[in-house]
Amino acid sequence: MTKQNHPTITILGTGYVGLTTAALFAAAGLKTYVVDPNESRLQAVREGRSFFYEEGLDPLVAHGVKSKLLVPTSSYAESVPHSDIVISAVGTPDNPDGSSNLTYLFAAAEEATKHLKPTAVYVQKSTVPVGTGGRITKLFAEKGTGAAYVSNPEFLRESTALRDSLWFDRIVVGGPDEEALDRVTAVYRAVHEARDEIAGIAGLDAPDTLPAERYMATSLESAELIKVTANAFLALKISFANSIAKFADQTGADITEVMDGIGSDTRIGRSFLNAGRGYGGGCFPKDVSGLISSASKHGAEQPIMIAASEVNESMPGYIVNKAKKALGELPGKKIAVLGLAFKSGTSDARRSPGVKLANIMSHDGATVTAYDPEANSEAEEELRKGVTVCKSVSETVKDVDAVFLATDWAEFLSYDLEKLAKEMKGKFFIDCMNAFSIVRVEDAGLRYMGVGRASKN
Ligand code: NAD
């Protein structure tokens with residue numbers, strides 16, 4: 001234990017989740033090791049910064065390293081034996097068949113068994129198929145590891161990760177050992193108590209309305225299923241809006257008006273009902289496919305989620321085809337894609353719809369330029385060779401026939417549209433996020449096209 005009887009913590013995995021969580025814990029006064037085999041991620045932490053862009057994270061990482069409470073290492077032997085709580089936050093990507101790839105997760109658990117104190121709590125923060133905790137508990141028993149096992153799914157969203165953790169809706173802990181659940185909950189209470197100070201270091205203002213801030217203890221299986229089900233439901237809402245948007249496109253209805261109309265019913269709610277280019281990122285696509293796969297193994301098929309996934313996959317191609325009806329075939333056309341991060345506020349370009357749009361149109365013969373304020377370098381390896389990555393909006397849109405707005409960064413939303421119209425050659429503005437007012441775009445002399453929204457002219 002460190003001062004104030006705080007537990008010492010190890011987080012396995014210095015990724016989006018692991019590093020954010022570790023920086024928070026260290027700022028709350030808890031000694032926290034972050035372990036990763038990836039040397040460049042560790043080196044960034046040693047230099048007092050994050051390897052990815054997330055609002056407020058760099059100052060928190062710098063503070064943690066300076067105070068020596070945040071300790072990056074590649075060694076389990078240096079960290080796990082000294083830790084009261086060991087948190088697994090390694091990646092759980094999907095296999096080609098859509099099932100969850102648990103290779104990293106079991107490798108981490110296996111390695112941890114060699115070093116865990118018998119009194120330690122092993123916490124699973126990675127998103128896993130229900131039943132995984134049971135398998136690890138069995139592994140611990142086989143290896144004679146005395147550590148308790150707790151599922152503690154993570155709900156932070158990239159781009160608002162620190163806010164989501166400081167002002168949280170719920171902390172879920174699941175498992176059979178009540179004392180272990182209490183020990184994990186106590187860590188979050190320490191963060192909660194220190195949150196004004198932490199927010200000060202990160203430069204974040206408290207929200208006007210505080211969220212529910214519930215602490216929930218559940219069974220192991222429920223905790224595991226809560227996480228994937230939460231993401232599946234949000235994905236379902238997005239695909240529902242997109243499905244209706246395709247219908248709106250055939251009828252002259254405006255999907256934003258339709259969703260405002262239904263979303264004002266409190267039983268439905270307005271959030272996550274924005275039609276557009278669909279969801280992407282490192283979580284929703286793989287969590288949906290993981291749920292479909294694991295439910296199927298239990299004989300509980302999920303046709304709703306299969307349909308949601310298919311609708312989502314169809315959206316970039318749907319938008320390109322819709323644009324082609326006005327723009328004509330793509331060979332010989334110059335196209336700009338604004339936005340390569342999977343959403344604004346992050347540098348993460350995993351499964352990014354903006355990248356998909358750029359790749360589809362480059363494949364179909366267009367000359368494509370693309371730009372993102374934060375995600376250019378993370379996107380580069382996902383982009384086809386023919387796509388030119390630019391350093392500014394002006395450079396990207398110069399002399400193009402059409403602009404596709406794929407991510408709603410403030411830099412794009414506040415861009416002078418009259419200037420944009422002059423910089424382009426053609427006048428097509430394809431708003432793949434329905435983020436703009438149609439009138440504003442058309443008053444600038446551009447031809448508007450949204451998803452489920454008709455031009456006013
Ligand atoms: P990530 O890929 O950014 O990071 C995972 C890290 O684990 C990598 O740096 C990798 O090198 C490291 N790693 C792999 N094997 C290891 C081992 N044996 N020991 C130590 N480190 C190891 O992943 P992420 O986005 O941080 O996601 C981590 C988990 O959290 C996933 O299960 C994900 O589904 C879940 N999750 C992610 C988010 C999000 O927004 N990114 C939100 C909620 C939950």
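Me: Where in the structure is the place of N242?

Reply: N242 is placed in helix 10. Helices here are DSSP runs of H or I with at least four residues, strands are runs of E with at least two, and both are numbered from the N terminus. This is a predicted model, in which local features need pLDDT of at least 70 and side-chain atom pairs count only at pLDDT 80 or more, while totals for chains, interfaces and linings use all residues. Residues are numbered from 1 along each chain as its sequence is written, and side-chain values use heavy atoms, with hydrogens and water left out.

Me: Is N242 buried or exposed?

Reply: A residue is called buried under 20% relative accessible area, exposed over 50%, and partly exposed in between (1.4 Å probe, protein chains only). N242 counts as buried because its relative accessibility is 0%.

Me: With which residues is N242 in contact, leaving aside its neighbours within four places in sequence?

Reply: Contact means heavy atoms within 4.5 Å. With those neighbours left aside, N242 is in contact with A275, G276, G278, V311, M315 and V451.

Me: Which residues are buried in helix 9, and which exposed residues does the face turned away carry?

Reply: R195, I198, A199 and A202 are buried in helix 9, which spans residues 195–202. Their arc around the axis is only 100°, so they share the same side of helix 9. On the face turned away from that buried side are the exposed residues D196, E197 and G200. Helix 1 (16–27), helix 3 (57–66), helix 7 (161–166) and helix 8 (178–193) are among the elements that cover the buried residues of helix 9. Just after helix 9, G203 has a positive phi of about 75°.

Me: How many salt bridges does the structure hold?

Reply: A salt bridge is a side-chain nitrogen of Lys or Arg within 4 Å of a carboxyl oxygen of Asp or Glu. The structure holds 24 of them. One of them joins D254 and R453, with the closest N and O atoms 3.6 Å apart. This pair links distant parts of the chain, 199 residues apart: D254 is in the loop between helix 10 (220–251) and helix 11 (255–263), and R453 is in the segment after strand 14 (447–449). Both D254 and R453 are buried.

Me: How is the salt bridge of K324 and D364 to be read?

Reply: The side chains of K324 and D364 meet at 3.8 Å, N to O. K324 belongs to helix 13 (residues 303–327), whereas D364 is in the loop between helix 14 and strand 10 (367–371), 40 residues apart, so that the pair links distant parts of the chain. K324 counts as buried at 17% relative accessibility, while D364 is partly exposed at 28%.

Me: Where is T346 found, and what does its side chain reach?

Reply: T346 is in the loop between strand 9 (334–338) and helix 14 (353–363), and T346 is buried, with a relative accessible area of 0%. A polar contact is a pair of N or O atoms within 3.5 Å; within protein, one must be able to donate a hydrogen and the other to accept it, and residues adjacent in sequence count only if both atoms are side-chain atoms. Such a contact of 3.4 Å joins the side chains of T346 and E158. The side chain of T346 also reaches the backbone nitrogen of D348 at 3.0 Å. E158 and D348 are linked with R350 in a network of salt bridges.

Me: How many residues surround the ligand?

Reply: A residue is counted if one of its heavy atoms lies within 4 Å of the molecule. Here 24 residues surround the ligand, the closest being D36, Y76, T92, E158 and K286. A polar side-chain atom of R41 lies 2.7 Å from an oxygen atom of the ligand.

Methods. Arc of directions from axis to C-beta.
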